[in-house]
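Dear colleague,

My notes on what was found in it follow directly after.

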Amino acid sequence: YEGGVKISTPMVNLYATVFHNKFDGLATTALINNVPVSSNGGAKATGVELEGAVRPFDGFSVTAAGTYLDATYRGFFTGNGTIDNSGNRVQRQPRWTWRVTPAFEFDLGGIKPAVFATLQYTGDRFSDPENNQQLPNFYQLDAGVSVEIGERLTLAVTGNNLTDEIGLTEGNPRIIGGQGSGPILARPILGRSFRFSAAVKF
């Protein structure tokens, strides 16, 4: 099931979507000490997505998007039915995610600068169906500036993860349940980086 509403004016756009889904036939396999361990069953997900933009004056805008997701397993078992994960949160699915992007562009004759920043949030998640490997929430800040020079040349610089935040997207798939003590194997987001670019229109 999915339903939504849309509001659009010269100053404000807003999109809202409510959804509820059920899934069957989900199956995953992980190698634990070189032995394949399968998980299978179903899941259900209920959530709300909001997306919008505000343009209070010429050249300035704020866009934002956010999602609330309640996704849980149902009839989902691991290890040939020995571990019942029903009711646990679906792995790597945060309940809350959102991002906000203010941007400003203006015209200085033959030069058109534009600046933006994006702050995004990813809520805590579990890396495993057993909900024992918790991945903490994290924020990421990106920003950039571009300059159009005349009608043909555009120069830009973008900085990603400016605060050098440590964010984990998934944990160790070779461990069922608890992640143990001390350092763990996990996949992080990329650290602070900058990208310079130039585009020429012919």
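Asp 124 counts as partly exposed, because its relative accessibility is 27%. The residue takes part in a salt bridge with Arg 89, in which the closest N and O atoms are 3.6 Å apart. Arg 89 lies in the loop between strand 5 and strand 6, and Asp 124 in the loop between strand 7 (111–122) and strand 8 (125–126), so this pair ties together parts that are 35 residues apart in sequence. Arg 89 itself counts as buried, because its relative accessibility is 11% and buried means under 20%. Please bear in mind throughout that the model is predicted.

In total, the count comes to 3 salt bridges. As a general point, side chains of opposite charge can pair when their charged atoms come close.

Another of these salt bridges joins Arg 74 to Asp 24, with the closest N and O atoms 2.8 Å apart. This pair links distant parts of the chain, as Arg 74 belongs to strand 4 and Asp 24 to strand 2 (residues 12–32), 50 residues apart. Are the two partners buried or exposed? Arg 74 is partly exposed, with a relative accessibility of 29%, whereas Asp 24 is exposed, with a relative accessible area of 61%.

A further salt bridge is formed by Arg 187 and Glu 170, whose closest N and O atoms are 3.1 Å apart. Arg 187 lies in strand 13 (residues 187–188) and Glu 170 in strand 12 (residues 168–170), so the pair ties together parts that are 17 residues apart in sequence. Arg 187 is classed as exposed because its relative accessible area is 51%, and the cut-off for exposed is over 50%.

Strand 4 (residues 60–78) runs antiparallel to strand 3 (residues 35–57), and 16 bridges join them. Within strand 4, Tyr 73 stands opposite Ala 43. The hairpin of strand 3 and strand 4 has 2 residues between the strands, and Gly 59 adopts a positive phi near 95° there.

Strand 4 also pairs with strand 6 (residues 96–105), again in the antiparallel sense, over 9 bridges. Here Thr 101 in strand 6 is the residue opposite Thr 63.

Which strand is joined to strand 4 by 2 bridges? That partner is strand 5 (residues 83–84), and the two run antiparallel. Ile 83 in strand 5 is the bridge partner of Thr 78. In the hairpin of strand 4 and strand 5, there are 4 residues between the strands, and Gly 79 takes a positive phi near 65°.

Val 48 counts as partly exposed because its relative accessibility is 34%.

With kind regards

Note on methods. Residues are numbered from 1 along each chain as its sequence is written. This is a predicted model: local features need pLDDT of at least 70, side-chain atom pairs count only at pLDDT 80 or more; totals for chains, interfaces and linings use all residues. Side-chain values use heavy atoms; hydrogens and water are left out. Two strands pair if DSSP finds at least two bridges between them. A salt bridge is a side-chain nitrogen of Lys or Arg within 4 Å of a carboxyl oxygen of Asp or Glu. Buried means under 20% relative accessible area, exposed over 50%, partly exposed in between (1.4 Å probe, protein chains only).
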